[in-house]
Amino acid sequence: MAIHASVLELIGRTPMVKARRLDTGPCELYLKLECANPGGSIKDRIGLAMIEAAERRGDLKPGATIVEGTAGNTGIGLALVAQQKGYRLILVVPDKMSREKIFNLKAMGAEVVLTRSDVGKGHPEYYQDLAARIAAETPGALFINQFGNPDNPAAHEFGTGPEIIEQMAEVGGFDAIVFGCGSSGTMTGLSRCFEKHAPHVELVLADPVGSILAQYINEGVLSDKSGTWLVEGIGEDFLPSISDFSRVKKAYAIPDAESFHTARELLAREGILGGSSTGTLVAAALRYCREQSRPKKVVVLVPDTGNKYLSKMYNDYWMLDNGFLQRPYHGDLRDLIM
Ligand code: PMP
């Protein structure tokens, strides 16, 4: 067993596990556990890759300031890497974000600037615009900008993708992969990697109902009206500038209820505690698997850990309050109907 020089060496090289108890129809389903990264999500990879690429270009001098607009997993990934490498990190966070997330980021040493949640792109207090402005006004600061930063997809093209090919070679290769899209870094990077090294692999997008992406892929229609959804980290109301959807031909739009129940089923059957987007991805993967007429090997990502969602989708009272579980009148929690 190796001893590592720093926690940053634990980013990537995540395990792959075959599903044993889920009903996968004629297919085999393999889960790539990105929840095993030290910050708990796939975004540790881009935190490290974007910072190290900026260092190599000379865009980040020792002790410099990094600025980003996010309260999500990218914030945690950046906080981990910035803290270990001695950079100051300013995160601009919309004020609707949960207090747990903000405390977590502060405990890791990030400076959190709260801003309004009720304003959109182009408004000076919109979190992305404010982050760009703080970076421009802070001497020597770098706006990381994951939505427009090519080092984000590169982390998956040269990291996540080759790992999957190497792991799946042990079982004779694979036929399809299911992923979600937030910044689109995962999709764009995997698509570029597989185009070169595994061109037969089918790319399948899992999207929450309300996002515009599934309709764009299945019908070629780019809607200017998005809905709302509770699953976190995936789904968009615009196409990020780094996105490349050209090789993605199939998408599933998954309702929140199906995502949450599938995440709970994954924990109950396979013992894997995934986040809410994991529920969406696994739900889409199961739909895909069950539709196939011949056996296929399918890979699905588990983008983050479910620890952050214990008081939400893993909490029966929260599920009940939000209409995702029902119980008979006068029943108690033992009578919950999934
Ligand atoms: N799942 C979760 C939980 C995430 O935080 C993210 C990143 N927003 C994704 C999936 C999607 O990854 P990407 O940004 O690479 O599209």
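Q: Which residues is phenylalanine 324 in contact with, leaving aside its neighbours within four places in sequence?
A: Phenylalanine 324 is in contact with Ala257, Phe260 and Met319. Contact means that the C-beta atoms of two residues, placed from the backbone, lie within 7 Å.

Q: Before we go on, what kind of model is this?
A: This is a predicted model, where local features need pLDDT of at least 70, side-chain atom pairs count only at pLDDT 80 or more, and totals for chains, interfaces and linings use all residues. Residues are numbered from 1 along each chain as its sequence is written.

Q: Back to phenylalanine 324. Where is its place?
A: Phenylalanine 324 sits in the segment after α10 (316-321). Helices (H or I, at least four residues) and strands (E, at least two) are DSSP runs, numbered from the N terminus.

Q: Is phenylalanine 324 buried or exposed?
A: Phenylalanine 324 is buried, because 20 other C-beta atoms lie within 10 Å. The cut-offs: buried is 20 or more other C-beta atoms within 10 Å of the residue's own, exposed is 12 or fewer, and partly exposed is in between, with C-beta atoms placed from the backbone.

Q: What separates the C-alpha atoms of phenylalanine 324 and methionine 97?
A: They are separated by 22 Å. Along the chain, the two residues are 227 residues apart.

Q: New topic: the open sheet. What is the order of its four strands?
A: The order is β5-β4-β3-β6, with parallel pairing. The edges are β5 (111-115) and β6 (142-143), and each has a single partner strand, so one side of each is left without a neighbour in the sheet. Strands pair if DSSP finds at least two bridges between them.

Q: How many bridges join β3 to β4?
A: Five bridges join β3 (residues 65-69) to β4 (residues 88-94). Threonine 65 has arginine 88 as its bridge partner in β4. Isoleucine 66 stands opposite leucine 89 in β4.

Q: Why is β4 largely enclosed?
A: Five of the seven residues of β4 are buried, so the rest of the structure largely encloses β4. β3 is mostly covered, with four of its five residues buried.

Q: What about isoleucine 134? Which helix does it lie in?
A: Isoleucine 134 lies in α4 (residues 127-137). Isoleucine 134 counts as partly exposed because it has 19 C-beta neighbours inside 10 Å. Not counting residues up to four places away in sequence, isoleucine 134 touches Val67, Ile90, Val92 and Val113.

Q: Now α5. How many residues does it have?
A: Helix α5 (residues 151-169) has 19 residues. From its first C-alpha to its last, α5 reaches 26 Å, close to the 27 Å expected at 1.5 Å a residue. The expected span is 1.5 Å times one less than the number of residues in the helix.

Q: Where does α5 bend?
A: α5 bends by about 30° at glutamate 157. The bend at a residue is the angle between axes fitted to the seven residues ending there and the seven starting there.

Q: What do the buried residues of α5 pack against?
A: They pack against β2 (28-33), α1 (43-57), α6 (185-197) and β10 (297-302). The buried residues of α5 include His156, Glu157, Ile164 and Met168.

Q: And α6, what does it reach from its first C-alpha to its last?
A: α6 has 13 residues and reaches 18 Å, close to the 18 Å expected at 1.5 Å a residue. Among its buried residues are Met187, Leu190, Cys193 and Phe194. The buried residues of α6 pack against α1, α5, β7 (176-179), β8 (202-208) and β9 (248-254).

Q: Last one: where does asparagine 145 lie?
A: Asparagine 145 lies in the loop between β6 and α5. Asparagine 145 has a positive phi of about 50° although it is not a glycine. With 19 C-beta neighbours inside 10 Å, asparagine 145 counts as partly exposed.
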